Amino acid sequence: MDFYVLGQQIVNGLVLGSTYGLIAVGYTMVYGIIGMINFAHGEVYMVSAYLTAIGLAVLAYFGISNPWLLIGLTMVFAIVFTSLLGVTIERLAYRPLRRANRLAPLISAIGVSLILQNYVQLSQGAKNQGVPTLVEGVFRMGSEDHFFQITYMQMVIIIVAILAMAILNFVVQHTALGRACRATQQDRQMAQILGIDTDKVIALVFGIGAALAAVAGVLITLNYGSFDFFVGFVTGVKAFTAAVLGGIGSLPGAMLGGILLGLAESLFAGFVSSDYKDVFAFALLVGILIFRPSGLLGKPTVEKV
Amino acid sequence: MTSLLKLEAISLRFGGIIALNKVSLAVAENSITAIIGPNGAGKTTLFNCITGFYRAQEGRILLQKEQKQTDLVALLGGSIKFSEGPLKGLRKFIYGLFGGTHLVARSGVARTFQNIRLFAEMTVVENLLIAQHRQLNRNLLAGFLNLPGYRKSEARALAKAYEWLDIIGLGALANSPAGALSYGNQRRLEIARAMCINPRLICLDEPAAGLNPRETDELSVLIKRLRDEFHVTVLVIEHDMSLVMSISDHIVVLNYGEVIAKGSPKEVQADPRVLAAYLGTDEE
Amino acid sequence: MSRRPVSRTMLLSLFAALITLILTGPLSGLVLNGYDFTTRFAAPLQIAAMVLILRFIAGLLPASWLAPKQKHEVEPRAPRFKTYQLVLGGLVLYLALASLVLFASKYWLAVGIMALIYVLLGLGLNVVVGFAGLLDLGFVGFYAVGAYGYALGHQYLGLGFWAAIPLAALLAGMFGMILGFPVLRMHGDYLAIVTLGFGEIIRLVLNNWMAFTGGPNGVDAPAPTFFGWEFKANVTQGGVPFHEVWGLEYSSGMLDAFIFLVLLAVVGLTLYAVSRLRGMPIGRAWEALREDEIACRSLGLNHVWTKLSAFAMGASIGGVAGVFFAASQGFVSPISFSFFESALVLAIVVLGGLGSVYGVILAALFLTLMPEVLREFADYRILIFGFAMVLIMIWRPRGIIQQRRPFFKRAGS
């Protein structure tokens, strides 16, 4: 096994994994608080990829060329817009179904993801889209022909991902808002009795999840440069896999699961087969759900009779 | 009188909590036995063990059926040990895949639930037909072609369903959704449904909860009929003491997962430990 | 609820339009063009105006119209027709539909075949989702198993069309069992995701296993024959052309007409079987399982086996649909079996009403024929499916057409 190839795959895996982790947060928080799989979350990420490109194009039109300013402003634009989208989706498609049977919200979510996909396709066209490379430069280790590298963009991704997770963790653990979130997660009815506006908390959780998906969307788009209206599905399923792997409902679990999945996928692609890397990810998902549905950091559930 | 059900030192722990601690008791055939105790004493947990929803970690639950003894705990499978040989291991593996609860039911133990579990969107009569699933002609082809054997088996099931509906007085509501019934009727329908699997033992989990006094009286008549007319053995968890005292042949008192007293209603009523458990003593 | 004041409705409508404007502004108003963009500000304004009007109209409608109905409201009643009358009616209907073959063009036959295939898929998925309440998001996998089973079965084993139908049903059913076995013990949402995973795995393997499946290039599927007679102008060596045997003029639509007739019969039989299922022990057990699994177990029903049988039955129907798809297209490739197809079939089942057999047929016909009739509809159809899925889940989760439960009369009365 070539040390440099291994090193490169680990770097790629970490980068990939930290973006999975960011998206996984949206799945895990929503599942934790209302027990539904927000199937449309992947499409929310897809929308943020388009927003990145649109944001960059508009900023370029106004003559802004500083890459850091571009990234920063695009990020703010994507976050604000995408969280509004997340909250709106929750309000329209999920809130009316709070008391419905378990299948209803999931089917509704599939409907939402069809809507988003088709809407973006209709408004932006089916063709591949791209963004220019903003941050150039790499950091290399090794000799001329044997090396592994980490681009500055990849470093930005990892730093931003860690930062975003740190902020989120602080909010959830140390603010009144976070306390309300945790209380609602534990026992929604009781939280409501104690005067917490649980509807608002749930909407907020959707907003936060969407915001982190937007962060991931901006980072991934800037890193890979191209995307289409279909990217939400596979990335969404993989991020969900990450959430399940880490233990659905657990925030640190989402990040851990993301990184592990990113690494596993990257190593599999590098050393076994890149054709079957998606098969590997799906098989991993199936395997975890069958053998350890509570994931690495999740709590097993006891059947109530 | 022989005992139909015998529990031998049943224990069950959830993490560090001992839910049941070496519970032993015997239920006489064709009797009404009540299990009482304060909230959290482990009554429903005990029911779940008997009816196969939980697997007791220690002890045996023996059901006597026509000279044949079945260990209900063993029906639930368990961890596979290599020393037991491949055949037994395979059987346990298969049990593990399917879960064994339905096998307990098939061996003759029926139950109702504290928080009524009817098939709410299905009709009243359908609820009773599902309970007879095992007794029906389930051949797909016979059903598609509506063959005589299939028709006969459906007609028999329907007759039995209506028979039970008449017993609980719901004949007129046969084709309405079960979820639309009043609370008292739902409780009775659940009992009728449990009876439709032809059980030897029926476990009623708080059947009088939420009933008004008149319905409770009707219930006590029904429970006695189950014993006297249909010859099933009744095991009942109940908080309504007047009901318990009026119908029970035998009472078992549970507290903190242990049996603290058993005997006839009179004996139990006089037992100081029971009074302490219910009213509290200085220890607490 | 009393009538809401118009001014408040107006305000709410304006608010909805404002949110719509914000949300559609960048995506509809600024269209990416390379690294640049072109503006199209009319689009978001139009959408917002539409939302404004729709929201306002919705606000004026009586509240009871919009109130969601979660439960069955229609009581079962005694059936109006005897079984033999229904069968007779079915036969007449079949003959009527079959006679369409004489008038329809090759194009419309192909459309009709696709519509029927979706009816079949809808009926199959309805067994799993509608009856048993198991959300299967990988249903298209079984469709693929059927289609590839036929194409590859012909390529490697020389399997014919008629042998392929039962074998595909068996094979897909077996796939359903094998895939279902490990997953059926988990609860609803996880099951959906695992089936989704399995469906994708099947597609990806078909796509990547070049040596066996031909990868993205696909495989040819043979045209079906009727008692060995082929539907071709010039038959291959040793073959007998159908039109010569019957002294007919050759037409290129014959093959489609033949597939249409066989498929119509299969749909008819499936329809009969599935509609009988609800009144049969197995169908009842499925529905009971959907309502309350724990109660089922307490009644001695083997819940795993019962779910598995629903899974297998749905899968077999999907497999048969796959054979017809392969036969009518003459070619299969992995593109036809993406998750999107699963979502489409799910949309059919949801629109028709979970568990409603006839609703599913109407929905399938509507969704497949509508784009043909109305060209503009084709572009927006996925959007419309999506909205329909959300709205129906909120408004009428049991489908637009209310269905009755089977009626059971007291014997001798």
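Helix 1 (residues 43–50) of chain B lies across strand 3 (32–36), strand 6, strand 7, strand 8 and strand 9 (250–255) of chain B. Its direction makes an angle of about 150 degrees with strand 7 of chain B. The model is predicted: local features need pLDDT of at least 70, side-chain atom pairs count only at pLDDT 80 or more, and totals for chains, interfaces and linings use all residues. Residues are numbered from 1 along each chain as its sequence is written, while chains are lettered from A and ligands numbered from 1 in the order in which they are written.

Helices (H or I, at least four residues) and strands (E, at least two) are DSSP runs, numbered from the N terminus. Angles run from 0 to 180 degrees between N-to-C directions, and axes are lines fitted to C-alpha atoms, for helices over the stretch in contact. Two residues are in contact if their C-beta atoms, placed from the backbone, lie within 7 Å.

In chain B, 6 strands form an open sheet in the order 6-7-8-3-9-10, with mixed pairing; two strands pair if DSSP finds at least two bridges between them. Strand 6 (109–111) and strand 10 (258–263) of chain B each have a single partner strand, so one side of each is left without a neighbour in the sheet. On average, neighbouring strands of this sheet are turned by 20 degrees against each other, direction ignored. Strand 7 (residues 201–205) and strand 8 (residues 233–237) of chain B run parallel and are joined by 5 bridges. I202(B) has V234(B) in strand 8 of chain B as its bridge partner.

In chain C, helix 6 (residues 106–131) packs against helix 16 (residues 339–352) at an angle of about 70 degrees, with the axes 9 Å apart. Helix 6 and helix 16 of chain C are therefore roughly perpendicular to each other, a term that covers angles of 65 to 115 degrees. Among the contact residues are Y118(C) and L121(C) of helix 6 and V345(C) and L346(C) of helix 16.

Chain C also touches chain A, through 50 residues from chain C and 51 residues from chain A. Helix 9 of chain C gives the most to the side of chain C that touches chain A, with 14 residues. The table gives the classes for both contacts.

| Contact | Nonpolar | Polar | Charged |
|---|---|---|---|
| Helix 6 of chain C with helix 16 of chain C | 8 residues | 4 residues | no residues |

Ala, Val, Leu, Ile, Met, Phe, Trp, Tyr, Cys and Pro count as nonpolar, Asp, Glu, Lys and Arg as charged, and the others, Gly among them, as polar.

Terms used. Angles under 35 degrees count as roughly parallel, over 145 as roughly antiparallel, 65 to 115 as roughly perpendicular and the rest as oblique.
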